[in-house]
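Take a look at the structure first, then try each task before reading its solution.

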Amino acid sequence: MILHIPHASQNILVDFKDVFILDPDVLKTELLRMTDAYTDELYDHPSAARIIFPISRLIVDPERFVVDDEEPMSAMGMGVIYTKTSHGDVLKREMTSGERRELLDRFYYPHHKALREAVQSELFSEGSVLIVDCHSFPSRPLPCDMDQMYPRPDFCIGTDPFHTSAELLNKALAAIREQGYSVMVDRPYSGTIVPIEEYRKNKAVSSIMIEVRRDLYMDEATGAKNKNFDKTRNVIAELLKALLSS
Ligand SMILES: [Zn+2]
């Protein structure tokens, strides 16, 4: 199993700080809104390889397509390099193509290479691989969210018609419901990551996205963990265990 954790970091690189034109306090709030805080602590399994993106998605978002025409969120200024905030305000100054390329070369491509290599290594040793795309989401929809449904479920499972089998999906749903939580499939968020080399080609590559609602484990206003943090981490541990059961 490979745990892909793309949005856990709040690290805004010192050498790119000047590209943000937001007031520091507003930037801090935006970081809080957009970071899947603590997902690097919440998602863990003894036998899993973990691919964790080391910087904030406000610098580069590894879950977006590089080419804006292929990326639906680029219409909202939230392609691979965000230009707008979740509320549609200007986030960064105009960046040169050289600056964009440097960010992609330093962070985007190495991250995807690491994911691809982890997938290939597990395919080679096990014959198949399960990727779990690990996220969290705010309890209230952000203006940039395509799905504005409210209230939101405790968990959201994202699927791909080719790479998420009904069996895998049912294991996830059962593990969540049996622990007393609500869950929706592909709402309010949809899809799950698969390396482009394997995408819709190789059935031996399974993938499923798990999103946990943030108020189940943190105070969304302050960013601090809440009293249910350990409980929620245990729920996710049970869920990951269930995905691997036969
Ligand atoms: Zn996320």
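**Exercise 1.** Which residues of strand 1 (residues 2–5) are buried on one side, and which on the other?

*Solution.* Before you start, note that this is a predicted model: local features need pLDDT of at least 70, side-chain atom pairs count only at pLDDT 80 or more, and totals for chains, interfaces and linings use all residues. Residues are numbered from 1 along each chain as its sequence is written.

Step one is the terms. A strand is a DSSP run of E with at least two residues, a helix is a run of H or I with at least four, and both are numbered from the N terminus. A residue is buried if 20 or more other C-beta atoms lie within 10 Å of its own, exposed if 12 or fewer, and partly exposed in between, with C-beta atoms placed from the backbone.

Step two: Ile2 and His4 are buried on one side, and Leu3 and Ile5 are buried on the other. Both faces of strand 1 are covered, then.

**Exercise 2.** Find the strands that are joined to strand 1 by bridges.

*Solution.* Strands pair if DSSP finds at least two bridges between them. Go one way and you meet strand 2 (residues 49–52), parallel to strand 1 and joined to it by four bridges; here His4 stands opposite Ile51. Then there's strand 3 (residues 129–137), also parallel to strand 1, with three bridges. In that pair, Ile2 faces Ile131.

**Exercise 3.** Describe the whole protein chain.

*Solution.* Start by counting: there are five helices and six strands. From the N terminus, they follow the pattern β-α-α-β-α-β-β-α-β-β-α. Next, the extent: the C-alpha trace spans about 50 × 40 × 30 Å along its principal axes. Finally, burial: 35% of the 246 residues count as buried.
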